[in-house]
Amino acid sequence: MVGKVLGIRELEQLSSRRSSVYVDPECEKFFELPVFIAASSNDITTKCQCFQFSPGKEPALRSFTEIQQLLQQSKKRDVKNILRENSWPINSPIRSQLWPALCAQHLTKQNILDGFYWEMVHQVFGTTELSEKPIMLPAFVDATHCLPYHLTSTGRAVADRIVNVLGYDCPDITYSPVLYPIAALLLHFMSEEEAYVCLAGLVGSKEKTFINQTKLQNEVTWKTVMQIAKKHTKSAIAYFQRICPGQKLERVFMDWCWWILAGLPFQHLVRIMDCYFHEGIKVLYRVALVILNLFHKECQSNNEWSPDNIKNDIGNALIKFCKKIPVSPAKLLHAAFSIRGLSTQYISRIFIKTEMLLKSRSVLNSGSKQLIKSRSSDNLPTSQSQVNIQMMSHTLTIREKLHSESCRNLLFTLWSWLPVRITMYQPVLLYTTEEHGCSLTTFYVRVEQHEPTLLMIKTCNNEVFGAYCSSRWFERNVKDDKGQRQAYFGTGETFLFSLYPERAKYPWVGIEGDRGLGHSSELFMAADSKMITIGGGEGQAIWMDENIRFGKTDGCKTFNNPPLCPSGDFEIRVLEVYGFVGI
């Protein structure tokens with residue numbers, strides 16, 4: 001019956017068979033019909049919700065079988081359009097298969113599908129039986145936002161167990177308040193094990209961001225939302241600043257995700273999740289912008305949201321407004337996906353810029369060449385990372401000039417420049433001229449499928465510099481719509497750096513803003529059988545020949561950098577390329 005919109009009689013028959021072990025019986029009186037939950041499991045969390053059925057012909061909604069075929073064919077754009085356009089009822093059985101399939105796209109640990117969860121449960125708790133005693137939640141959970149969505153005490157214990165096992169399996173998660181609410185949502189439509197697998201896929205996703213996992217990521221995200229809102233909801237922002245001049249916008253946007261997760265009615269939230277599990281956190285960005293615009297509109301026409309009533313706490317007023325949001329789930333999503341100029345590339349650019357600004361403010365000044373550190377340990381290398389790099393690296397160990405402490409400082413400096421999400425992974429040496437020889441062919445064989453990579457050069461004059469390369473070197477072979485190989489590839493996350501004798505980072509010029517950027521500002525990476533180039537436009541920031549012996553460095557428009565070594569031309573003593581385990 002999956003994929004078919006059920007009538008009231010069928011729903012009543014199904015609901016009589018469903019397990020209610022995790023649902024709060026008090027929930028029943030608030031809603032007209034029970035939600036249908038996966039009949040394949042007898043220990044499922046359930047949820048009741050009102051959904052108004054209209055008499056007559058039911059809408060022709062797409063089935064899971066159709067979506068599954070598109071997923072198998074990697075037709076992600078088609079899947080995206082279907083998810084946006086199909087408003088399945090809150091009690092449609094499709095989600096018991098749809099949500100696990102969407103989350104499975106992002107899994108990196110394929111063995112997790114074979115009893116991995118219950119092995120982990122036994123390892124963490126010593127038994128697979130659910131304890132009657134309360135389970136202490138991991139430190140990354142925010143106790144004030146453990147939204148249960150009407151789960152019973154048993155259901156909440158299951159959610160507690162899921163996040164505990166996830167924390168045990170993913171020790172790099174240090175702060176992730178949205179994990180618990182998403183676990184609770186998943187349990188309404190699937191078994192405990194399936195919910196864990198879904199969460200593991202979202203947390204481990206490399207292609208898209210779904211869930212922030214550190215305090216720094218969380219801060220970068222809400223500040224990114226605030227910056228986007230200043231551009232796309234100018235009238236609303238100006239209104240709020242005018243009626244509450246003493247209230248900082250930062251306080252309002254720090255809780256932006258709770259407008260959605262804690263404020264919106266359940267039927268709205270479920271439809272948002274349909275799209276979120278496929279597209280990622282950008283769906284929530286869009287919904288947040290629509291909420292701001294709708295709230296602004298209501299403030300001007302509804303006395304309930306008059307300036308006197310909201311000026312003391314706009315953040316709390318926004319959540320209360322969301323509970324009574326005056327549009328349907330379909331209209332909310334339609335408005336969200338109608339926002340123009342909000343591309344993934346644009347969001348990524350704002351995110352990177354915000355991240356870099358936060359990092360720059362965390363520089364500790366106690367000397368002209370002081371070590372750069374973050375405000376927390378979230379993005380510093382673990383002790384194992386330090387050992388891995390220092391044992392393998394010849395570029396950082398400049399024997400003639402530096403002692404071990406200086407090498408360690410260089411490592412910390414370089415690590416602080418990496419994107420936050422990358423610092424959660426262990427580095428691994430993919431290629432070094434001292435072990436693998438001086439050949440571009442060997443370089444490509446060992447490196448081209450890895451993304452991202454960290455390229456480091458030590459010259460015969462002991463200068464050390466390099467680049468963080470955001471895209472695979474294999475993309476040199478990718479052809480455009482006309483069958484032509486693209487000359488340049490990569491993204492604005494790419495950056496240059498110099499470590500010795502000077503320390504400096506040269507990010508993409510697009511981080512500073514959009515004005516006056518031409519083609520020369522996006523010449524990130526280029527390669528063929530004869531050379532490698534990073535950066536372009538009136539010069540090449542790094543160029544190396546096919547024998548990885550000689551190179552040159554110029555200033556370029558892409559990174560607005562000076563030559564990375566004084567002479568411009570250089571002879572390569574060592575080239576090393578690092579990847580990151582688990583990406």
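**Entry 1: Asp274 and Arg271**

I looked up the side chains of Asp274 and Arg271 in this predicted model and found that they meet in a salt bridge, with 2.9 Å from N to O. I then asked where the two residues lie along the chain. Both belong to helix H13, residues 266-279, and because they are three residues apart there, about one helical turn separates them. Are these two residues buried or exposed? I noted that Asp274 is buried and that Arg271 is buried as well.

**Entry 2: Arg62 and Glu66**

I next examined Arg62 and Glu66, whose side chains also form a salt bridge, at 3.1 Å from N to O. For Arg62 I read a relative accessibility of 32%, so this residue counts as partly exposed. For Glu66 the value is 31%, and Glu66 therefore counts as partly exposed.

**Entry 3: Glu546 and Lys530**

I turned to the salt bridge between the side chains of Glu546 and Lys530, where the distance from N to O is 3.8 Å. Which parts of the chain does this pair tie together? Glu546 sits in the loop between strand S10 (542-545) and strand S11 (550-552), while Lys530 sits in the loop between strand S8 (525-527) and strand S9 (531-534), so the pair links parts that are 16 residues apart in sequence. I recorded Glu546 as partly exposed, because its relative accessibility is 35%.

**Entry 4: Salt bridges in the whole structure**

How many salt bridges does a search of the whole structure find? The search finds twelve. As a reminder to myself, side chains of opposite charge can pair when their charged atoms come close.

**Entry 5: Helices H10 and H14**

I then considered how two helices pack. Such a pair is described by the angle between the axes and the distance between them. The axes of helix H10 (residues 234-243) and helix H14 (residues 282-301) come within 9 Å and cross at roughly 55°. H10 is therefore oblique to H14. I recorded the crossing of H10 past H14 as left-handed.

Which residues make the contact? From H10 I listed Ser235, Ala236, Tyr239 and Phe240, and from H14 Leu292, Asn293, Phe295, His296 and Cys299.

Definitions and conventions:
Residues numbered from 1 in each chain as written. Predicted model: local features only at pLDDT ≥ 70, side-chain atom pairs only at ≥ 80, totals over all residues. Heavy atoms only, no water. Axes fitted to C-alpha atoms, helices over the stretch in contact; angles between N-to-C directions. Helix = DSSP H or I, 4+ residues; strand = E, 2+ residues; numbered from the N terminus. Parallel < 35°, antiparallel > 145°, perpendicular 65-115°, else oblique. Left-handed = near helix turned anticlockwise from the far one by under 90°. Contact = heavy atoms within 4.5 Å. Salt bridge = Lys/Arg side-chain N within 4 Å of Asp/Glu carboxyl O. Buried < 20%, exposed > 50% of the residue type's maximum accessible area, 1.4 Å probe, protein only.
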